[in-house]
Amino acid sequence: MGYDIGWLIPRLRNPGRLWYCASSITVAVVGLFSKIIVEFLNKTTVYNREALSRAVHRPREVPLLTVSNHHSCFDDPGLWGVLDTGTLVRGSRMRWSLAAHDICFTNALHAAFFALGKCVPVVRGAGVHQPAMDFCVERLCSGDWVHIFPEGRVNVEKERIRFKWGVGRLISESAARGRPPLVLPVWHEGMDRVLPNTEPYRLRARNHVYLCVGEPIALHPLLDRLKSMNATEEETRRVITERIQEELWRLRDKAHALVRRATGRLLEETTIIPNGKQHNTPTPEPTPKECLEKEKELGRL
């Protein structure tokens, strides 16, 4: 029988002064530790850093939802080590993040640590209507920053998998309550070399991480169209999720082009072959026409 996480969401809703102070310290320590790992022990190149900075320092009444690929258990908090120190030590500015209850909340000590670090226990397979999702909708409606990995798991094979509809619910429901969030896509490469997905599970140094930040996704026209069509809640969640997936995969292509330009090498991607097995193949060289299109896209980053 797993650890009972029933007390966590009520505690996060009503933290109390002692919990708030402990949470602020935890967030600051973890944030600074992540900065040491990704910027001092490893090297991180950030493309379009300004977009991330603008989003994090947005007006306080504007909610922020960041979405990214998930290649390593260190993706969060590692990704946010690129933020400025002033942001990292301000717990009220930092993100809330959905984390798997069966990995991060397995006992009282782990549960307290991750909860103090502003991680929300999500039960995989429990659907979009569960306490963790309700709580994150509330946080967005309060103008907070929420981060989600819409793939729903660490994508070790780096394959194209369908995004979970939870991201669609976060956007549609917060918009329905009058607080449509600023949605910012982020794609990263190399974090799985900082913390590999194979034993021994320990942080590594002297690796290069690439972080490609997109521009905020314009969802207002889509939300207005769905509303005018009287789309059902399920249809709305599905359409929004598909749009997020499309934008994040487009950002993936831009990130791969940037890494290829910086390193002169091809990134490996997983190919699914008919018998269900997988093998890694290098991304094929682009044609001249594709190169021209990529250059145009890169100019918009």
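Guide: Contact here means that heavy atoms lie within 4.5 Å. And this is a predicted model, so let's look at how it is put together.

Visitor: Okay, how many helices and strands does the chain have?
Guide: Buried residues make up 48% of the 301 residues in the chain. As for secondary structure, the chain has 13 helices and nine strands.

Visitor: What covers the buried residues of H8?
Guide: H8 spans residues 131-141. Its buried residues are Ala 132, Met 133, Phe 135, Cys 136, Val 137, Leu 140 and Cys 141. The cover over them includes helix H1, strands E2, E3, E4 and E5, and helix H9.

Visitor: Are H8 and H9 roughly parallel or oblique to each other?
Guide: Their axes are 9 Å apart and the helices pack at an angle of about 40 degrees. Angles under 35 degrees count as roughly parallel and those from 65 to 115 as roughly perpendicular. H8 and H9 are therefore oblique.

Visitor: How do the residues of the contact of H8 with H9 divide?
Guide: H8 passes H9 in a right-handed crossing. H8 brings Met 133, Asp 134, Cys 136, Val 137, Leu 140 and Cys 141 to the contact, while H9 brings Gly 166, Arg 169, Leu 170, Glu 173 and Ser 174. By type, the residues divide into six nonpolar, two polar and three charged.

Visitor: Which residues is Leu 170 in contact with, leaving aside neighbours within four places in sequence?
Guide: Leu 170 belongs to the H9 side of the contact with H8. With those sequence neighbours left aside, Leu 170 is in contact with Leu 65, Met 133, Cys 136, Val 137, Leu 140, Val 146 and Ile 148.

Visitor: Which residues of H12 make the contact with H9?
Guide: On the H9 side, the residues are Val 167, Gly 168, Arg 169, Ile 171 and Ser 172. Across from them, H12 supplies Thr 236, Arg 237, Ile 240, Thr 241 and Ile 244.

Visitor: Is His 71 buried or exposed?
Guide: His 71 lies in the loop between E2 and helix H4. Its contacts beyond four places in sequence include Trp 187, His 188, Glu 189 and Asp 192. Buried means under 20% relative accessible area. At 3% relative accessibility, His 71 counts as buried.

Visitor: What relative accessibility does Thr 66 have?
Guide: Thr 66 is found in strand E2. Not counting residues up to four places away in sequence, Thr 66 touches Trp 80, Trp 145, Val 146, His 147, Ile 148 and Leu 184. Thr 66 counts as buried, with a relative accessibility of 0%.

Definitions and conventions. Residues are numbered from 1 along each chain as its sequence is written. This is a predicted model: local features need pLDDT of at least 70, side-chain atom pairs count only at pLDDT 80 or more; totals for chains, interfaces and linings use all residues. Side-chain values use heavy atoms; hydrogens and water are left out. Axes are lines fitted to C-alpha atoms, for helices over the stretch in contact, and angles run from 0 to 180 degrees between N-to-C directions. Helices (H or I, at least four residues) and strands (E, at least two) are DSSP runs, numbered from the N terminus. Angles under 35 degrees count as roughly parallel, over 145 as roughly antiparallel, 65 to 115 as roughly perpendicular and the rest as oblique. A crossing is left-handed if the near helix is turned anticlockwise from the far one by less than a right angle, and right-handed if clockwise. Ala, Val, Leu, Ile, Met, Phe, Trp, Tyr, Cys and Pro count as nonpolar, Asp, Glu, Lys and Arg as charged, and the others, Gly among them, as polar. Buried means under 20% relative accessible area, exposed over 50%, partly exposed in between (1.4 Å probe, protein chains only).
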